[in-house]
Each structure stands twice: as structure tokens, then as C-alpha cells.
Amino acid sequence: MASSSSSRSDQERPGLGLGLCEGEEEYGSESGWVEARSSCDHLCSLSPDLSHIPAPQNTPCYECQHPSENWLCLSCKEVLCSRFVNKHMLSHSRRTNHCVALSFSDLSVWCFSCDAYLDAQLIPQLRPVYQLAYILKFGQPPPLPQHN
């Protein structure tokens with residue numbers, strides 16, 4: 001019996017068979033519910049002035065000018081496109097070690113070093129920039145978080 005070129009284990013692991021090496025997964029390739037972290041060791045890299053940020057809508061990627069799916073680097077405040085467009089934010093993070101970014105699409109915060117979402121409403125250092133981005137995007141303050 002001839003063997004298939006991709007094993008079952010390759011099919012179960014995202015990224016394999018897509019031109020990625022063993023052990024190298026495409027960040028964000030898995031789907032489903034993800035619990036956001038309530039802490040992160042990389043918050044020391046945040047810009048000291050996150051009270052002035054570009055507007056979430058109509059701010060294109062600084063590198064390719066793509067109009068959507070953009071992220072704000074919370075270290076240097078550059079706006080760059082997502083891994084689903086041209087991966088400029090991912091490249092920026094790898095090149096600069098600026099690891100925390102805010103999505104202009106859904107206002108989620110991602111740490112590239114932790115490979116995890118961060119709870120921007122729960123983490124005190126992220127709450128002000130999240131609230132500002134929410135006001136800029138929706139014209140009103142965000143609803144209060146519901147805690148159990």
C-alpha cells in the first residue's frame with residue numbers, strides 16, 4: 001500500500017503542508033474560542049504616550065497602504081497590516097521585538113512573544129489605549145466589562 005505524502009499528524013497541525021517547516025506554525029492559524037490572558041511580561045515595551053493614537057478607521061498600513069485589517073504597534077505606534085493581508089505587523093514585531101499590538105478591526109490586543117490575546121479591559125496598562133481606540137472607533141466609551 002502506497003503512503004500518502006502528508007500524514008494524519010501533519011493534517012492535524014496547522015501550517016504543515018502550507019510551505020512551513022516542522023515546528024513553525026502560522027500565527028493565528030487555529031480557530032475557535034481563545035481565553036485572553038490577564039497578564040503579560042512584555043508590557044514594559046509599551047509606548048509611554050498611548051493617549052494619542054491614529055484613528056482606527058481610515059488609517060492604512062504604513063508599508064503597503066492596505067486600508068483594513070490593520071494593527072497599531074503599542075511600542076512605536078506604527079500602523080501595519082495583519083497576517084491575513086501582507087503580514088507587515090508580524091514582520092515588524094519579529095524585526096523590532098515590539099510584541100504588543102492592538103487590532104483596529106476588533107480592538108483586540110495580541111502579544112507576539114506570548115503568542116496570546118491580552119484582556120485589554122482587565123490589564124491596567126492596556127485599558128486606557130483600549131478605551132481611547134473604542135471612543136475613536138464608535139464615538140462613545142466602551143461598556144463596562146462583565147466579571148463573574
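Visitor: In what order do the five strands of the open sheet run, and is the pairing parallel or antiparallel?
Guide: The order is β2-β1-β3-β4-β5, and the pairing is antiparallel. The model is predicted, so local features need pLDDT of at least 70 and side-chain atom pairs count only at pLDDT 80 or more, while totals for chains, interfaces and linings use all residues. Residues are numbered from 1 along each chain as its sequence is written, and side-chain values use heavy atoms, leaving out hydrogens and water.

Visitor: What makes β2 and β5 edge strands?
Guide: Each of them, β2 (79-81) and β5 (116-118), pairs on one side only. Two strands count as paired if DSSP finds at least two bridges between them. Averaged over the sheet, and with direction ignored, neighbouring strands are turned by 35 degrees against each other.

Visitor: How do you know that β1 and β3 pair?
Guide: Strand β1 (residues 70-73) and strand β3 (residues 100-103) share three bridges, in the antiparallel sense; at least two are required, so they pair. Within this pair, W71 has S103 as its bridge partner, and C73 stands opposite A101.

Visitor: What of β1 and β2?
Guide: They also have three bridges in the antiparallel sense, with L72 opposite V79 of β2. Five residues lie between the strands of this hairpin, and K77 takes a positive phi near 70 degrees there.

Visitor: Which way do the residues of β1 point, and are they buried or exposed?
Guide: N70 and L72 point one way, W71 and C73 the other, and all are buried. In a regular strand the side chains alternate between the two faces of the sheet.

Visitor: Why is H92 called buried?
Guide: Its relative accessibility is 2%, and buried means under 20% relative accessible area (exposed is over 50%, partly exposed in between, with a 1.4 Å probe and protein chains only). The value falls below the cut-off, so H92 counts as buried. H92 is found in helix α2. Apart from residues up to four places away in sequence, H92 touches C73, C76, E78, L80, N97 and H98, where contact means heavy atoms within 4.5 Å.

Visitor: And why is F84 called exposed?
Guide: At 61% relative accessibility, F84 lies over the 50% limit, so it counts as exposed. F84 is in the loop between β2 and α2. F84 and E69 are 15 residues apart in sequence, with a C-alpha to C-alpha distance of 7.6 Å.

Visitor: Which strands does helix α2 touch?
Guide: Helix α2 (residues 88-96) packs on the sheet through β1, β2 and β3, and its direction makes about 120 degrees with that of β2. Such angles run from 0 to 180 degrees between N-to-C directions, with axes fitted to C-alpha atoms, for helices over the stretch in contact. H88, M89, L90, H92 and S93 are the buried residues of α2, and they pack against β1, β2 and β3. Just after α2, N97 takes a positive phi of about 65 degrees.

Visitor: What makes α3 a helix, and why does its span agree with 1.5 Å a residue?
Guide: Helices are DSSP runs (H or I) of at least four residues, strands are runs (E) of at least two, and both are numbered from the N terminus; α3 (residues 127-138) has twelve residues, so it passes. The expected span is 1.5 Å times one less than the number of residues, which gives 16 Å for α3, and its end C-alpha atoms are 16 Å apart, so the two agree.

Visitor: Which residues touch the most other members of the largest nonpolar core?
Guide: L74, V100, L102, V109, L118 and L126 do, in a core of 35 residues. A nonpolar core is a set of buried Ala, Val, Leu, Ile, Met, Phe, Trp, Tyr and Cys residues joined through side-chain atoms within 4.5 Å. The largest share, four residues, comes from α3. Beyond its neighbours within four places in sequence, L118 has contacts that include A36, L43, V100, V109 and L126.
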